[in-house]
Amino acid sequence: MKARVFVTLKPGVLDPQGKAIHHALEGLGFGGVNDVRAGKLIELDLADGTSDSDIESMCRKLLANTVIENFRIERLEEPVR
Amino acid sequence: MKSAVVVFPGSNCDRDLAVAIEQVTGRAPDMVWHGETQLPDNLSFIGLPGGFSYGDYLRSGAMAARSPIMRAVAEAAERGVPVLGVCNGFQVLTEAGLLPGALMRNAGLNFVCRPVPLRVENSQSLFTSQYEAGETISIPVAHHDGNYQADPDTLDRLEGEGRVAFRYLDECNGSARGIAGILNDSGNVLGMMPHPERALEPAHGNLDGRRLFEGLLETVAA
């Protein structure tokens, strides 16, 4: 099974990279972008039967720094091709 | 004084830190590879050097903080052994939970590499006893991720307990309240982004970092 972990900065934490991307989009002429926040997507290929709490523990112990980041786990049940 | 410097893959200031320690204490530190599970016995000091451990993968310091040797470092810190983390070493200490907060990308997005003026906020710690409180010193910084952030309660606690050791006098990297270096609650762990080992001898053009090591030596010897 596969799982995806989305790591994002907590609301209110300044995101200089998001700001720079926002600025660059405006420079390319894209109006109407109100805000940009940059994060990470981590794909995990896991043994069948890995529990939700195991994945959550991976996030808390390493994948996200919970001082500044939130994480969201999305399980993909289809077999990996 | 028996000391150790931990070497991670990608550390690049380990030798500078070792030279500084040897110059001030007269004894070269043991260099300890990150994959070790034990530190040498009877250490009086542990240094975590600057650099780019694990290429800053995931987050600066994140991988190094989970390396085998860091369990031994955490146990030593718990026993009261002085631990200094410089630059990447500071990032490792926050990632390991030995210091609060986090070091994020510099607010200006640029790598900042220059001497910066700092105010010594706490001259009572075992690292800063050779400085005067409120004194201005100049120490070089060289980092991309030095933007110190913590929640307001943590910042208030750090300020209230005198755990802000150094503060930037000029805008440097966007750090909350200009924080450049902090102590743990027992005062034996110091993390700082500026590099005191780069302001240690006349050839550096600046000796302001030397007193940090001299103060540590005096405290440990006392």
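Nine residues of chain A are in contact with twelve residues of chain B, two residues being in contact if their C-beta atoms, placed from the backbone, lie within 7 Å. On the side of chain A that touches chain B, helix α1 (residues 16–27) gives the most, with three residues; helices (H or I, at least four residues) and strands (E, at least two) are DSSP runs, numbered from the N terminus. That side of chain A comprises seven nonpolar, two polar and no charged residues, where Ala, Val, Leu, Ile, Met, Phe, Trp, Tyr, Cys and Pro count as nonpolar, Asp, Glu, Lys and Arg as charged, and the others, Gly among them, as polar.

The model is predicted: local features need pLDDT of at least 70, side-chain atom pairs count only at pLDDT 80 or more, and totals for chains, interfaces and linings use all residues. Residues are numbered from 1 along each chain as its sequence is written, and chains are lettered from A and ligands numbered from 1 in the order in which they are written.

Chain B contains six helices and eleven strands. Its overall values are tabulated below.

| Property of chain B | Value |
|---|---|
| Box filled by C-alpha atoms, along the principal axes | roughly 40 × 35 × 35 Å |
| Buried residues (20 or more other C-beta atoms within 10 Å of their own, C-beta atoms placed from the backbone) | 54% of the 222 residues |
| Contacts with a separation of 6 or more that join residues 24 or more positions apart | 76% |

In chain A, strand β1 (residues 2–9) pairs with β2(A) in the antiparallel sense over six bridges; pairing requires that DSSP finds at least two bridges between two strands. A:R4 has A:E43 in β2(A) as its bridge partner.

Definitions and conventions
Buried ≥ 20, exposed ≤ 12 C-beta atoms within 10 Å, placed from the backbone.
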